[in-house]
Number of protein chains: 2
Amino acid sequence: MQEPLRDLSRLSLNQMTTKPWSVREAVEGCVQAGIPYIGLWRDKVEATGLQESARIVQDAGLRVSSLCRGGWFCAGSERERQERLDDNRRAIEEAATLGTDTLVLVCGPAADRNLPAARAYVEESIATLLPYAQEYGVRLGIEPLHPMYAGDRSVIVTLGQANGFVRRLAHPNVGVVIDAYHVWWDPELEREIEAARGHILGFHVCDWLVPTPDMLNGRGMMGDGVIELRRLRQLVEAAVYRGPIEVEIFNEALWQMPGAQILSLMSERYLSCV
Amino acid sequence: MQEPLRDLSRLSLNQMTTKPWSVREAVEGCVQAGIPYIGLWRDKVEATGLQESARIVQDAGLRVSSLCRGGWFCAGSERERQERLDDNRRAIEEAATLGTDTLVLVCGPAADRNLPAARAYVEESIATLLPYAQEYGVRLGIEPLHPMYAGDRSVIVTLGQANGFVRRLAHPNVGVVIDAYHVWWDPELEREIEAARGHILGFHVCDWLVPTPDMLNGRGMMGDGVIELRRLRQLVEAAVYRGPIEVEIFNEALWQMPGAQILSLMSERYLSCV
């Protein structure tokens, strides 16, 4: 059995876990709690201002593990599709300004019911963005979402599928982001984590609650659900990922807690369960 | 593009679609609506009585497309595991008595967090039951459920995984049941339906609503959601399945409608959308 993590040196707070907090509050919370990384969200950064957010993070000595999120490529009209590509270019610039080399891509739903066509278009869009990402020193991390989001959030729903994109795109600036919540159920998980060797750009953790109180905001604190998180970390580390581990929890009940308490609980569970 | 279905000759009412109805009510409803098949549920059959249910169906001239459900193999103790195997043996006998050759297996959650072990145990359990099923002329249809049920309903979550079981079990009395709701999101769907050629024992339809109102009872009437049902039927027919098509919809709102109205709506949508 895998050894527990001994310290918080790889821990990252994904801002969604403390959704009510601004960038400044989240950064100060991390400093207080001894958490060295933060995963930022674009809406929060926009609320604080891009340059100001970058300064706050830098002054605090925190490192930015990733920026969430680009993606959402499919749209009903050519004009909208161009707008979305432009928005992704801005996201790449923002990632560079914030000092992270990883932009997480959530690949959106199909504009109609045609999944194969939507998937092909997503691949084409990522190919279009890659030279731009390379110019900025940013890597695009394709995050497969849980299949229950196939209708409204992501046409990329398995790690195997994301690995296929990476293989075909064959570019140093594209890889995958593995979130335990989205992939834990997959019978091919072990094989596909191994297949992701060398292009894993991020590892996110939380837990799957039984029953699940809400399809979007019913994710669990590590240890409160059924995912074998330590086994999953073992697989990811065997595929030579040793980067930050982001705790990303969408949970209404959690967001009612004082932020400092969330950070204390997540640090404790990170050591005991991940 | 695939031609629409021209008549109701392959339509089956899965009893869950008219949950408030007893076996007798459902059978009479099918006769009135010109629906030739019914998919029965064990709890409903038990409420009416096994022999009585068999008689009602037979007297009405209906055919039973399947019996739901066996499975739920994993359990915390050896005694419970034996009880569950015994219950599956009874389900096989019931299927034979009711005149159907297909028992649908929903393979249950893991008793602990260990998915690989649970999956191995499910395979072992099906192997144990197969000689018994053969004796009764009953085929066991492994139904992969949507991955969002991996924590509480089924450790079998993809058609590829179910096909793997069938290949390894290599027995004429085992196959798969394909439910559009559970598999529509799968990037490997086309390939795995083709791989299921010759061992597809059932085809179920309903629709995926966006947003999904409830994880269990929020399934949609065909045409109300995002699944390309006709394309899916085309794939299943290309894999030479020409048997009954069961409409199985878990939906609280639908269950408020008068049963005859449900049957009329589902027949209309079956012709226009499937």
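User: Where is the place of V183(B) in chain B?
Analyst: V183(B) sits in helix α7 of chain B. Keep in mind that this is a predicted model.

User: Okay, and is V183(B) buried or exposed?
Analyst: V183(B) counts as buried, because its relative accessibility is 2% and the cut-off for buried is under 20%.

User: Which residues is V183(B) in contact with, leaving aside its neighbours within four places in sequence?
Analyst: Those are P144(B), I178(B) and L189(B).

User: What about I227(B), how many residues along the chain is it from V183(B)?
Analyst: They are 44 residues apart along the chain, and their C-alpha atoms are separated by 9.9 Å.

User: Let's move to α9 of chain B. How many of its residues are buried?
Analyst: Helix α9 of chain B runs over residues 229–238, and seven of its 10 residues are buried, so this helix is mostly covered.

User: Which ones are they?
Analyst: The buried residues of α9(B) are L229(B), R230(B), L232(B), R233(B), L235(B), V236(B) and E237(B).

User: And what covers them?
Analyst: The cover includes three strands of chain B, namely β6 (174–179), β7 (200–205) and β8 (245–247). It also includes the helices α7 (180–183), α8 (189–195) and α10 (259–273) of chain B.

User: What happens just after α9(B)?
Analyst: There, V240(B) takes a positive phi of about 55°.

User: Switching to chain A: how many helices and strands does it have?
Analyst: Chain A has 10 helices and eight strands. Its radius of gyration is 18 Å, close to the 19 Å that the globule rule gives for 274 residues, so chain A is as compact as a globular protein of that length. Along its principal axes, the C-alpha trace spans about 45 × 45 × 35 Å.

User: How much of chain A is buried?
Analyst: Buried residues make up 60% of the 274 residues in chain A. As for the accessible surface of chain A, it comes to about 10600 Å², and 47% of that belongs to carbon and sulfur atoms.

User: What about charges in chain A?
Analyst: Chain A carries 28 positive and 37 negative side chains, and the centres of the two sets lie 2 Å apart.

User: Last one: how can chain B be laid on chain A?
Analyst: A turn of 180° with a shift of 0.0 Å along the axis does it, with an RMSD of 0.0 Å. That is the relation of a two-fold axis. The same surface serves both copies, as 100% of the contact residues of chain B recur in chain A.

Methods:
Residues numbered from 1 in each chain as written. Chains lettered and ligands numbered in written order. Predicted model: local features only at pLDDT ≥ 70, side-chain atom pairs only at ≥ 80, totals over all residues. Heavy atoms only, no water. Helix = DSSP H or I, 4+ residues; strand = E, 2+ residues; numbered from the N terminus. Rg over C-alpha atoms; globule rule 2.2 N^0.38 Å. Buried < 20%, exposed > 50% of the residue type's maximum accessible area, 1.4 Å probe, protein only. Areas by Shrake-Rupley, 256 points an atom, 1.4 Å probe, with all protein chains shown as cover. Lys, Arg positive; Asp, Glu negative; His and termini not counted. Charge placed at Lys NZ, Arg CZ, Asp CG, Glu CD. Least-squares fit on C-alpha atoms with pLDDT ≥ 70 in both. Contact = heavy atoms within 4.5 Å.
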